[in-house]
Amino acid sequence: MTLGQRRSLLQAPAIQALIVLCLALILALLAEEAIEHFLGVAVSPVPFSFLHGALAAAIAYIRRMASWWVPILFFFPPAVVSVNALHLPPAIFLVVFLFLLLLFWSTFRSQVPFYPSGRPVWDAVARLLPADKPLRVIDIGSGLGGAVLHLSRLRPDSRFVGIELAPLPWLISQARARIGGSRGSFKRGDYALLDFADFDAIFAYLSPAAMSALWQKARAEMRPGTLLLSYEFIINEAAPDIVIHPQEKGPVLYGWRM
Ligand SMILES: C[S@@+](CC[C@H](N)C(=O)[O-])C[C@H]1O[C@@H](n2cnc3c(N)ncnc32)[C@H](O)[C@@H]1O
């Protein structure tokens with residue numbers, strides 16, 4: 001992927017998984033037909049769902065999809081049959097779907113889900129920021145806003161901004177900033193569309209899938225002397241200048257001086 005470019009919808013692993021499920025369903029229906037025709041045995045829903053899952057898992061394995069898709073696709077059809085047997089009101093599925101949509105938004109495409117880092121990480125970030133001048137710092141993918149709110153308290157001389165793609169975390173971070181009277185601010189949008197030259201330091205807690213494109217963008221846009229920080233996920237293209245452990249047993253915080 002090149003600078004600021006987003007993965008096409010069809011390339012997204014979750015969409016690929018959906019296509020695999022559809023393909024496996026067609027094969028499972030053909031197999032069911034054959035079993036009924038040649039053996040005269042009707043296949044009931046539970047064995048059918050395992051057949052469907054096994055075919056989907058086999059296709060995922062043959063297509064060399066990431067290893068976790070094999071068990072997910074195997075158990076997905078039986079899980080659907082089991083949940084269906086509970087006869088839950090359909091509105092529950094709509095409510096859960098809408099909640100997950102607002103929380104995760106286009107995670108299926110970006111492959112960067114929401115999970116917060118935490119105070120030890122934000123304190124470690126604060127210690128790495130130059131103390132001799134006011135800074136403009138951004139958390140790209142700011143989630144519930146904890147990093148921006150905490151750092152704004154620690155460094156009242158500097159401006160901290162968060163950008164978040166998913167509507168629900170962004171709304172919660174906005175509300176937290178307003179209620180708490182924070183100087184930190186939040187923007188809803190895609191960090192790929194920002195100009196990184198506007199910032200003295202960038203904090204990222206994303207996923208391995210995002211790191212290569214992030215590095216290309218950072219290298220092209222960040223000014224010399226600025227700082228790129230990534231919690232947990234390393235950039236393979238460039239050895240980090242900073243490697244610290246915010247918590248004794250937790251993941252690493254990496255830093256690159258541009
Ligand atoms: C692992 S969470 C990190 C949350 C927060 N930075 C923290 O450290 O607690 C990653 C967040 O990035 C958001 N995200 C993913 N891709 C994004 C993008 N292209 N632009 C803005 N936010 C994005 C996700 O919605 C998710 O909330």
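**Figure 1. Buried residues of helix α3 in the predicted model.** W69, L73, P77 and P78 are buried in α3. The buried residues of this helix pack against α1 (13-39) and α2. An α-helix has 3.6 residues a turn, so residues three or four places apart point the same way.

**Figure 2. Span and kink of α3.** Helix α3 covers residues 69-85, 17 residues in total. From first C-alpha to last, α3 reaches 24 Å. That is close to the 24 Å expected at 1.5 Å a residue. The helix carries a kink of about 35° at F76. Just after α3, H87 adopts a positive phi of about 50°.

Figure 3. P77 and P78 are themselves buried residues of α3.

**Figure 4. Strands β1 and β2.** Strand β1 spans residues 136-140. It pairs with β2 in the parallel sense, over five bridges. I140 stands opposite I163 of β2. Strand β2 covers residues 159-164. Five of its six residues are buried, so β2 is largely enclosed by the rest of the structure.

**Figure 5. The stacked pair Y205 and F233.** Eight aromatic pairs turn up in a search of the whole structure. One of them joins Y205 to F233. The two rings are stacked, 5.9 Å centre to centre, with 20° between the planes. Y205 lies in the loop between β4 (201-204) and α9 (208-221). F233 lies in the loop between β5 (227-231) and β6 (242-244). The pair therefore ties together parts that are 28 residues apart in sequence. Y205 counts as buried, at 12% relative accessibility. F233 also counts as buried, at 12% relative accessibility.

**Figure 6. The aromatic cluster around Y205 and F233.** Y205 and F233 belong to one aromatic cluster. Y115 and Y231 complete the cluster.

**Figure 7. A lysine over an aromatic ring.** K217 lies over the face of F196. The distance from the ring centre is 4.7 Å.

Technical notes:
Residues are numbered from 1 along each chain as its sequence is written. This is a predicted model: local features need pLDDT of at least 70, side-chain atom pairs count only at pLDDT 80 or more; totals for chains, interfaces and linings use all residues. Side-chain values use heavy atoms; hydrogens and water are left out. Rings of Phe, Tyr and Trp (its six-membered ring) pair if their centres lie within 6.5 Å; planes under 30 degrees apart count as stacked, over 60 as edge-to-face and the rest as tilted. Helices (H or I, at least four residues) and strands (E, at least two) are DSSP runs, numbered from the N terminus. Buried means under 20% relative accessible area, exposed over 50%, partly exposed in between (1.4 Å probe, protein chains only). A charge sits over a ring if NZ of Lys or CZ of Arg is within 6 Å of the ring centre and within 35 degrees of the ring normal. The expected span of a helix is 1.5 Å times one less than its number of residues. The bend at a residue is the angle between axes fitted to the seven residues ending there and the seven starting there. Contact means heavy atoms within 4.5 Å. Two strands pair if DSSP finds at least two bridges between them.
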